[in-house]
Amino acid sequence: MLKRLTIQNYVLIESLDIEFPAGLIIITGETGAGKSIMLGALSLLLGAKSDVSVLKDNTRNCVVEGEFEIDGEELLLRRVVSPAGRTRNFINDEPATLAALTEISSTIVDIHAQHQHLLLTDGSYQMKVLDYFAGTGSILDEYQQVHASLTKDEADLVSLREQMEKSEAEMEYKAFQLEKLQLAKLREGEMEELEAEQKQLANSEEIREAITNSVAHLRPMGIPIVQNLKDAVHLLQKSSNFVPELEPLAQRLESCRIECRDIEEELEILGEKIVVSPQRLEIVEERLSLLYALMRRHSVSSIEELIAIQEQLQQQIQGSVEDSQEAAGLEKRIQEGKERRMMLAEKLTAARMGKVKELGSVLQERIRDLQMPHAIFEVELSPLGKYTQNGKDNISFMFSANGETRLSQLHKAASGGELSRIMLCLKSLMAEFTGMPTMIFDEIDTGVSGSIADKMGALIGKMGERMQIFAITHLPQIASKRGTHLLVYKDYDGEQQGAATHIKVLNGQERINEVARMLSGSTLTEAAIENARVLLNGTI
């Protein structure tokens with residue numbers, strides 16, 4: 001229940017701090033006094049949209065705070081609107097999202113605003129009433145989860161198939177490109193090796209001739225230079241005993257001899273390795289031509305880049321394969337989801353059908369108690385032909401106010417006053433099943449008067465025995481019911497501040513005068529006061 005409401009700087013409310021008891025709380029006040037303003041502030045606290053227009057003083061924050069008691073525990077909700085139009089939300093003094101605030105508040109307060117009886121004509125609302133009555137909450141929750149998941153899977157499959165169709169031709173071309181690259185058996189560094197080999201093969205005869213002639217120059221007239229150097233070293237070493245300076249020269253010649261010998265041996269080895277092969281040259285040049293063509297086709301300048309493109313193509317084609325696998329998985333999941341949804345929808349239908357007649361009878365009895373003794377109310381459930389968020393059923397509230405056996409849909413057969421009474425009956429019924437701790441009626445008595453209003457008041461009062469009920473009313477028959485009576489009034493706090501809305505608890509004579517005002521208008525008559533005493537007999 002709502003224990004306390006604090007409002008600061010909201011429209012005409014400068015500051016308001018009021019505590020509420022359990023049971024029935026009646027709120028009255030002259031037209032324009034601000035009853036709807038207080039309700040608007042509470043709606044803001046419960047998650048309604050807001051902007052800077054709610055600020056009484058546009059230089060300060062607007063703050064609405066509600067203290068609730070839920071199952072013995074305290075719950076504090078707060079909403080702050082800044083002069084810049086930004087809102088902040090708090091749950092137990094901790095910052096919270098608007099969605100979190102709305103979700104938690106929807107379980108603790110039900111506001112019946114003016115004209116909400118029009119919901120009676122909405123099929124979703126009618127189904128909600130039946131589901132509460134039939135106790136199908138757990139089945140419906142599971143169905144809605146399956147339906148939402150299935151709807152998403154079906155949308156994902158459509159999107160995936162469109163993507164696959166668009167990329168199918170592209171994938172064929174990419175597969176062709178990949179095949180060409182794979183057949184090429186690319187290897188890093190191969191281009192440099194082939195280019196070097198091609199140059200060597202293209203000049204192999206000239207290279208071999210150069211090596212052969214070089215070796216011949218190391219053996220002039222058939223006498224190896226190495227041998228001549230060896231002989232010279234020997235002669236110098238013999239004479240170095242007499243001329244010491246000859247020894248280092250002999251060593252230098254020996255080094256030359258060794259170097260020349262090594263050079264000669266390496267030239268002979270290289271000469272043997274030089275291959276003169278037009279066939280191999282043709283193979284190398286064909287391979288180079290293939291690699292050059294691939295590089296031109298893919299606009300790159302190295303084999304390493306070709307290998308990178310090959311890997312990218314492999315990933316893209318693998319992705320296409322994975323898309324196919326994902327599509328197959330989605331198709332399987334969709335089929336399973338459809339079967340599960342169908343089973344749950346059938347369970348929903350069966351559970352609803354088991355309570356349809358009882359719901360109609362219960363509501364008909366309550367409606368007849370509100371001075372519609374000949375009213376007939378039935379709930380019809382029929383196949384819808386398609387799956388929706390609420391199952392596969394179509395619901396209609398059928399009504400006749402005058403006992404006619406031929407019923408019409410409720411919105412076609414009921415007047416505004418009749419809809420108000422029917423809505424109150426529905427609210428009283430739903431209150432028994434939802435466990436909602438607080439319910440607010442904003443002029444649910446619109447379009448009714450006299451003894452009908454008295455009976456509606458009695459029903460609201462009975463609801464107040466089980467839960468906290470706020471009844472904003474303009475009818476004395478309802479305002480006189482047993483409960484706490486709050487008066488919303490407006491006064492002027494000065495020329496600069498202008499009008500301000502206030503609220504106070506009425507007791508004793510104050511309450512008699514307020515009910516009398518509702519009976520006779522602004523001028524109180526003795527008859528009205530006496531009538532108010534009669535209405536309030538036993539309640540004050």
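Modeller: Before we start: two strands count as paired if DSSP finds at least two bridges between them. The model under discussion is predicted.

Colleague: Understood. In the hairpin of E4 and E5, which residue takes a positive phi?

Modeller: Asp71 does, with a phi near 50 degrees. Two residues lie between the strands of that hairpin.

Colleague: How many bridges join E4 and E5, and in which sense do they pair?

Modeller: Strand E4 (residues 62-70) pairs with strand E5 (residues 73-81) in the antiparallel sense, over nine bridges. Within that pairing, Phe68 stands opposite Leu75 in E5.

Colleague: And how does strand E1 pair with E4?

Modeller: E1 (residues 2-10) is antiparallel to E4 as well, with six bridges between them. Ile7 has Val64 in E4 as its bridge partner.

Colleague: Turning to the open sheet of six strands, what is the strand order?

Modeller: The order is E8-E12-E13-E3-E14-E15, and the pairing is mixed. Strand E8 (109-112) and strand E15 (499-506) each have a single partner strand, so one side of each is left without a neighbour in the sheet. On average, neighbouring strands are turned by 20 degrees against each other, direction ignored.

Colleague: Parallel or antiparallel for E12 and E13?

Modeller: Strand E12 (residues 438-442) and E13 are parallel, over five bridges. Ile440 is placed opposite Phe470 in E13.

Colleague: What lies across E8 and E12?

Modeller: Helix H12 does, running at about 175 degrees to E12.

Colleague: Now the packing. How many residues are in the largest nonpolar core, and which have the most contacts inside it?

Modeller: That core has 51 residues, and those with the most contacts inside it are Ile367, Phe377, Phe399, Leu410, Ile422 and Ile460. Helix H12 (residues 416-434) gives the most to this core, with nine residues.

Colleague: What is Leu410 in contact with, leaving aside its neighbours within four places in sequence?

Modeller: Leu410 is in contact with Leu120, Phe377, Phe397, Phe399, Leu419 and Ile422. There is also a second, separate core of 38 residues, which includes Leu16, Ile25, Leu42 and Leu101.

Colleague: How many aromatic pairs are there?

Modeller: The count is two. One of them joins Phe20 and Phe470: the ring centres are 4.9 Å apart and the planes stand at 85 degrees, so this pair is edge-to-face.

Colleague: Where in the chain are Phe20 and Phe470?

Modeller: Phe20 is in the loop between strand E2 (13-19) and strand E3 (24-28), while Phe470 belongs to strand E13 (residues 468-472). The two are 450 residues apart, and the pair links distant parts of the chain.

Colleague: Why does Phe20 count as buried?

Modeller: Its relative accessibility is 7%, and the cut-off for buried is under 20%. Phe470 is buried too, because its relative accessible area is 4%.

Colleague: Which charged ends sit over the rings of Phe90 and Tyr489?

Modeller: The charged end of Arg78 sits over the Phe90 ring, 4.6 Å from its centre. The charged end of Lys504 sits over the Tyr489 ring, 5.7 Å from its centre.

Colleague: One last topic: is Ser299 buried or exposed?

Modeller: Ser299 is exposed, because its relative accessibility is 67% and the cut-off for exposed is over 50%. Ser299 lies in the loop between helix H9 (278-297) and helix H10 (303-369). From Ser299 to Ile317 there are 18 residues in sequence and 21 Å in space, C-alpha to C-alpha.

Methods
Residues are numbered from 1 along each chain as its sequence is written. This is a predicted model: local features need pLDDT of at least 70, side-chain atom pairs count only at pLDDT 80 or more; totals for chains, interfaces and linings use all residues. Side-chain values use heavy atoms; hydrogens and water are left out. A nonpolar core is a set of buried Ala, Val, Leu, Ile, Met, Phe, Trp, Tyr and Cys residues joined through side-chain atoms within 4.5 Å. Buried means under 20% relative accessible area, exposed over 50%, partly exposed in between (1.4 Å probe, protein chains only). Helices (H or I, at least four residues) and strands (E, at least two) are DSSP runs, numbered from the N terminus. Contact means heavy atoms within 4.5 Å. Rings of Phe, Tyr and Trp (its six-membered ring) pair if their centres lie within 6.5 Å; planes under 30 degrees apart count as stacked, over 60 as edge-to-face and the rest as tilted. A charge sits over a ring if NZ of Lys or CZ of Arg is within 6 Å of the ring centre and within 35 degrees of the ring normal. Axes are lines fitted to C-alpha atoms, for helices over the stretch in contact, and angles run from 0 to 180 degrees between N-to-C directions.
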